[in-house]
Amino acid sequence: FDKEELCSYGDLGLMKAVDGYETGKCAKFSYYASKCITNEMLMYLRKNTKYNSVLSLFQTIKAGESDDIFIIDTLISINDVEERSEFKIIFELILKFVDTLENPRDKFIMHHRYGLAGHNVLTQKDISKLLNCSRTYISRIETRLKDEIVNYLKIEYI
């Protein structure tokens, strides 16, 4: 993020605090202003974080005397036989792990979140409605299961 731009959003928050502060309220101006400044700065950061994580495949890795090397040049094609067979082995291990899950709810979540065993891919929100629970609860279960899969793959594959 750009520090100067962030400061200007902080200034904007201060101006909004000056315009919006009501003396009849019990909050001190300093408290109210700090909240306004913080909110403006956070809105700026949230707005720009989605662009910070975008990686272009045409980003230069090495700019040398000859041709530049781009990220896309270093990627191995999915058609590569070894990579496909390795991917297939890992995928089969993940399916095996999911099939060994004893809790039917956990199986249901994994099958529908990732479209395993021919199931449709559903969002956490959709699954939470089907299971009559919160989306956060589904997220926690999914995170736990992904950690378990990683540990399983470390034992079985690596």
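**Entry 1: helices and ground rules.** I began with a term: helices (H or I, at least four residues) and strands (E, at least two) are DSSP runs, numbered from the N terminus. I am reading a predicted model, in which local features need pLDDT of at least 70, side-chain atom pairs count only at pLDDT 80 or more, and totals for chains, interfaces and linings use all residues. Residues are numbered from 1 along each chain as its sequence is written, and side-chain values use heavy atoms, with hydrogens and water left out.

**Entry 2: I141.** I found I141 in helix α7, which covers residues 135-156. Is I141 buried or exposed? Its relative accessible area is 4%, so I noted I141 as buried (under 20% is buried, over 50% exposed and in between partly exposed, with a 1.4 Å probe and protein chains only). Next I looked up its contacts (heavy atoms within 4.5 Å). Leaving aside neighbours within four places in sequence, I141 touches R105, D106 and I109.

**Entry 3: H111.** I then turned to helix α5 (residues 104-114), where H111 has its place. H111 counts as buried because its relative accessibility is 11%. Beyond neighbours within four places in sequence, I listed its contacts as V98, D99, L116, A117, H119 and N120.

**Entry 4: aromatic pairs.** How many aromatic pairs does the structure hold? I noted 4. Rings of Phe, Tyr and Trp (its six-membered ring) pair if their centres lie within 6.5 Å; planes under 30 degrees apart are stacked, over 60 edge-to-face and the rest tilted. I looked at Y21 and F29: their ring centres are 5.3 Å apart and their planes at 85 degrees, so this pair is edge-to-face. Y21 is partly exposed at 24% relative accessibility, and F29 is partly exposed at 34%.

Y21 also pairs with Y32, and I wrote this pair down as tilted, with 5.7 Å centre to centre and 50 degrees between the planes. Here distant parts of the chain are linked: Y21 is in the loop between α1 (3-20) and α2 (29-52), while Y32 is in helix α2, 11 residues apart. Y32 is partly exposed, at 28% relative accessibility. Together, Y21, F29 and Y32 are a cluster linked by ring pairs.

**Entry 5: a charge over a ring.** Last, I saw that the charged end of R113 sits over the ring of Y114, 5.9 Å from its centre (this needs NZ of Lys or CZ of Arg within 6 Å of the ring centre and within 35 degrees of the ring normal).
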